[in-house]
Amino acid sequence: MTTTGAATPPPSGHGLALAEVTRRLNAWLQIDLDALEANARRLAAAVAPAEVIAVVKANAYGAGIEGVAPALAAAGVPAFAVVWVEEGLALRRILPHHRILVLGHTHPELAAEAVAANLTLSVDSLELARAISCASAASEQPTPVHIHIDSGLHRDGLAPSDALALAQAIAELPGIALEGLSTHMANADELDDSFSSDQAAAFAQVCDALTTAAYVHAANSATALRRPGLRLSGVRIGLAMHGILPENTDLDGLRPILSVHARLARVSRIRAGEGVSYGLTWRASGPAEVGLVPVGYADGWKRALSRGGAVLVGGRPAPVIGRIMMDQFVVDVTGLKAAAADEVVLLGPQGDDRIDAWSVAETAGTIAWDITASLTSRLARVYHRGGIVERVVRGSHAT
Ligand SMILES: *Cc1c(COP(=O)(O)O)cnc(C)c1O
């Protein structure tokens with residue numbers, strides 16, 4: 001056995017302070033597992049007796065399923081949802097026993113693998129229903145499935161009449177049973193979400209016709225918090241779990257779980273009139289100190305943040321200057337006494353200041369979901385409780 005010197009933290013980072021684990025990293029995400037668990041409990045209490053289905057698609061909205069899923073399970077979340085069957089298979093390796101719903105389209109040839117992994121699929125065709133039936137022919141229990149109803153979003157799901165026909169066909173197949181019905185709102189996050197009432201009425205008609213499907217779900221974060229009548233059996237909560245609320249929604253007691261950090265790769269001086277970054281779109285009006293942030297659009301830090309973006313250095317804002325590049329961008333640190341290796345915060349608190357996901361989204365011309373879900377796997381994910389690291393998922397080049 002080799003002994004690990006103090007200079008080389010163990011890859012897991014377990015039990016070390018954040019500063020020790022992040023010392024050698026260019027850039028990383030910090031995920032506060034205490035905040036995540038508190039959010040899960042707060043949301044569960046807010047929507048009870050409906051149960052929480054944690055939506056952990058897209059690598060848990062960027063926060064990383066390896067760290068997020070076990071913490072949510074520990075906080076008592078009974079069910080999880082993803083969109084792709086591949087996401088479901090990856091989540092099954094992390095959570096062997098929890099219910100996992102696959103919300104998106106599944107190719108019938110993947111049915112056997114999904115059934116073997118005990119994933120609950122959303123069935124959108126007779127071919128898929130037959131494939132599930134065949135795959136579960138040998139098992140004693142029929143495989144439960146859900147049907148997604150298009151109640152007005154016109155994205156995915158079946159029209160009510162097609163859903164009734166498919167339910168009829170499923171009832172006649174061995175090894176498969178209709179357990180659930182779902183739908184999804186078009187205007188959940190809008191100030192005027194009145195169309196949700198029309199969608200709810202269309203969905204209720206299908207539910208009334210298919211009473212064998214005992215588990216019904218229709219709400220995302222905004223619908224779950226704004227419309228108690230649409231909580232039904234379970235609510236599919238994604239964004240709110242991260243302590244970020246849709247702009248039309250209120251709930252006290254949630255805390256942001258995710259922050260984005262980097263270390264200045266260098267600090268240098270430029271002269272009046274000199275330009276910075278591709279196209280030299282920014283020029284110094286006087287002598288300036290500039291810091292190099294080793295994060296770029298390949299990490300999910302959007303190029304649209306070139307105009308109006310900022311980071312925190314020593315708790316004070318340092319504006320992005322010039323264009324954000326694939327792997328790095330430059331900030332103006334004139335007068336901030338910044339030095340190479342100083343920690344900067346792109347998203348989250350530092351000192352008395354804070355940059356929140358909605359303000360980044362507004363600068364980038366997008367929504368908060370897009371900011372966190374865009375963060376790629378080149379960035380390390382560091383999971384901690386009260387500043388003590390519980391797990392590190394190292395960054396990789398695969399995104
Ligand atoms: C992503 C998604 C959710 C979660 O939405 P949030 O607004 O993040 O809570 C719920 N349901 C479906 C069908 C989704 O695609």
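Which polar backbone atom is 2.9 Å from an oxygen atom of the ligand? Some notes on that and on the rest of the model, which is a predicted one.

1. The backbone atom belongs to Gly-238: a polar atom there sits 2.9 Å from one of the ligand's oxygen atoms. Taken alone, the ligand would expose 390 Å², and the protein buries 93% of that.

2. Tyr-61 places a polar side-chain atom 2.6 Å from a ligand oxygen. For Ser-221, the distance from a polar side-chain atom to an oxygen atom of the ligand is 2.5 Å.

3. Now the wider shell. There are 13 residues around the ligand, and the ones that come nearest are Lys-57, Tyr-61, Ser-221, Arg-236 and Leu-239. So Tyr-61 and Ser-221, whose side chains came up in point 2, are on that list as well, by the definition of being near a molecule.

4. What is the shell made of, by class? Six of its residues are nonpolar, four are polar and three are charged. As for where they come from, helix 3 (57-61) supplies at least two shell residues, and strand 9 (234-237) also supplies at least two.

Conventions. Residues are numbered from 1 along each chain as its sequence is written. This is a predicted model: local features need pLDDT of at least 70, side-chain atom pairs count only at pLDDT 80 or more; totals for chains, interfaces and linings use all residues. Side-chain values use heavy atoms; hydrogens and water are left out. A residue is near a molecule or strand if one of its heavy atoms lies within 4 Å of it. A polar contact is a pair of N or O atoms within 3.5 Å; within protein, one must be able to donate a hydrogen and the other to accept it, and residues adjacent in sequence count only if both atoms are side-chain atoms. Accessible areas come from the Shrake-Rupley method with a 1.4 Å probe; for residues, only the protein chains shown count as cover. Helices (H or I, at least four residues) and strands (E, at least two) are DSSP runs, numbered from the N terminus. Ala, Val, Leu, Ile, Met, Phe, Trp, Tyr, Cys and Pro count as nonpolar, Asp, Glu, Lys and Arg as charged, and the others, Gly among them, as polar.
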